[in-house]
Amino acid sequence: MSDNKPVIRMDAEAPEGFEGEGFFATKLSSVIGMARKFSLWPLPFATSCCGIEFMATLNPTFDASRFGMERNSFSPRQADMLMVCGTISKKLGPVLKQVYTQMAEPKWVIAVGACASSGGIFDSYSVLQGIDRIIPVDVYVPGCPPRPEQIIEGVMQVQALCEGESIRRRDLPEYQQLLASYDID
């Protein structure tokens with residue numbers, strides 16, 4: 001029979017006098033990463049059938065609130081994870097880009113479904129062939145439409161990014177170059 005004690009990850013040795021029960025040493029970036037991981041506020045940008053699958057992740061069967069997504073944000077200024085679910089037309093592209101730029105840093109983007117990832121079955125002049133042409137994407141969730149389990153897996157991948165990301169990564173010149181390549185200030 002196994003012992004079900006919680007595992008505490010220690011990043012550094014405890015200094016003299018600060019050891020034993022109730023004390024642990026860690027890095028500030030690890031604590032902030034853990035807090036970000038379990039407090040993602042998604043902004044659903046749902047335009048078609050993938051939006052219905054995203055809604056299914058919120059029901060009691062799949063319960064996305066287990067992953068810190070208790071509160072959906074419908075204001076870009078209060079969200080930190082943009083979930084683009086469905087087909088994006090070229091006319092809607094500037095609106096999506098504006099929503100992305102209104103979000104505060106740090107922010108993450110999930111392209112949910114084949115249409116958001118690559119245009120899907122709509123290879124036409126009016127459909128954007130992947131949202132990565134106008135905004136940077138962190139995680140792609142494949143499927144037409146993807147099952148709620150796949151969407152949850154995408155959220156878990158974003159959580160891994162949140163936890164492992166340096167606090168200062170978004171101030172680096174490489175990140176600023178990435179945003180400049182999308183013509184985002």
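P106 lies in the loop between α3 and β3. A cis peptide bond joins E105 to P106, with omega at about -5 degrees. The model is a predicted one: local features need pLDDT of at least 70, side-chain atom pairs count only at pLDDT 80 or more, and totals for chains, interfaces and linings use all residues. Residues are numbered from 1 along each chain as its sequence is written, and side-chain values use heavy atoms, with hydrogens and water left out.

**The chain overall**

- The chain has six helices and four strands. Both kinds of element are DSSP runs, numbered from the N terminus: helices are H or I with at least four residues, and strands are E with at least two.
- From the N terminus on, the order of elements is α-β-α-β-α-β-α-β-α-α.
- Of the 185 residues in the chain, 41% are buried. Buried means under 20% relative accessible area, exposed means over 50%, and partly exposed is in between (1.4 Å probe, protein chains only).
- The chain has an accessible surface of about 10900 Å², and 57% of this belongs to carbon and sulfur atoms. Accessible areas come from the Shrake-Rupley method with a 1.4 Å probe; for residues, only the protein chains shown count as cover.
- Take the contacts between residues at least 6 apart in sequence: 74% of them join residues at least 24 apart. A contact means heavy atoms within 4.5 Å.

- Strand β2 covers residues 81–85, and five of its five residues are buried.
- In a regular strand, side chains alternate between the two faces of the sheet.
- Both faces of β2 are covered. M81, M83 and C85 are buried on one side, and L82 and V84 are buried on the other.
- Strand β1 (residues 42–46) pairs with β2 in the parallel sense, over five bridges. Two strands pair if DSSP finds at least two bridges between them.
- In this pairing, P42 stands opposite M81 in β2.
- β2 also runs parallel to strand β3 (residues 108–112), and five bridges join the two. Here M83 stands opposite I110 in β3.

**Two crossovers**

- β1, helix α2 (residues 49–57) and β2 make a left-handed β-α-β unit.
- From β2 the chain crosses through helix α3 (residues 93–102) to β3, and this β-α-β crossover is right-handed.
- Right-handed has a set meaning: with the strands pointing away from the viewer, the path from the first strand over the helix to the second runs clockwise.

**R170, a buried arginine**

- R170 sits in the loop between α5 (148–164) and α6 (173–181).
- R170 counts as buried because its relative accessible area is 7%.
- The R170 side chain makes a polar contact with the side chain of E105, at 3.1 Å. The side chain of E165 makes another with R170, also at 3.1 Å.
- A polar contact is a pair of N or O atoms within 3.5 Å; within protein, one must be able to donate a hydrogen and the other to accept it, and residues adjacent in sequence count only if both atoms are side-chain atoms.
- Leaving out residues up to four places away in sequence, R170 touches E105, P106, K107, W108, E165, Y175 and Q176.

**I134, in another loop**

- I134 is in the loop between α4 (113–118) and β4 (139–141).
- The relative accessibility of I134 is 16%, so I134 counts as buried.
- I134 and I184 are 50 residues apart in sequence, yet 9.3 Å apart in space, C-alpha to C-alpha.
- I184 is one of the residues that I134 touches, along with G93, L96, K97, L128 and Y182, not counting residues up to four places away in sequence.

**Backbone exceptions**

- Most residues other than glycine have a negative phi, and most peptide bonds are trans.
- The peptide bond from C144 to P145 is cis, with omega near -15 degrees. P145 is found in the loop between β4 and α5.
- D63 has a positive phi near 50 degrees and is not a glycine. D63 lies in the loop between α2 and β2. Its relative accessible area is 27%, so D63 is partly exposed.
- D183 is not a glycine either, and its phi is positive, at about 60 degrees. D183 lies in the segment after α6. D183 is exposed because its relative accessible area is 64%.
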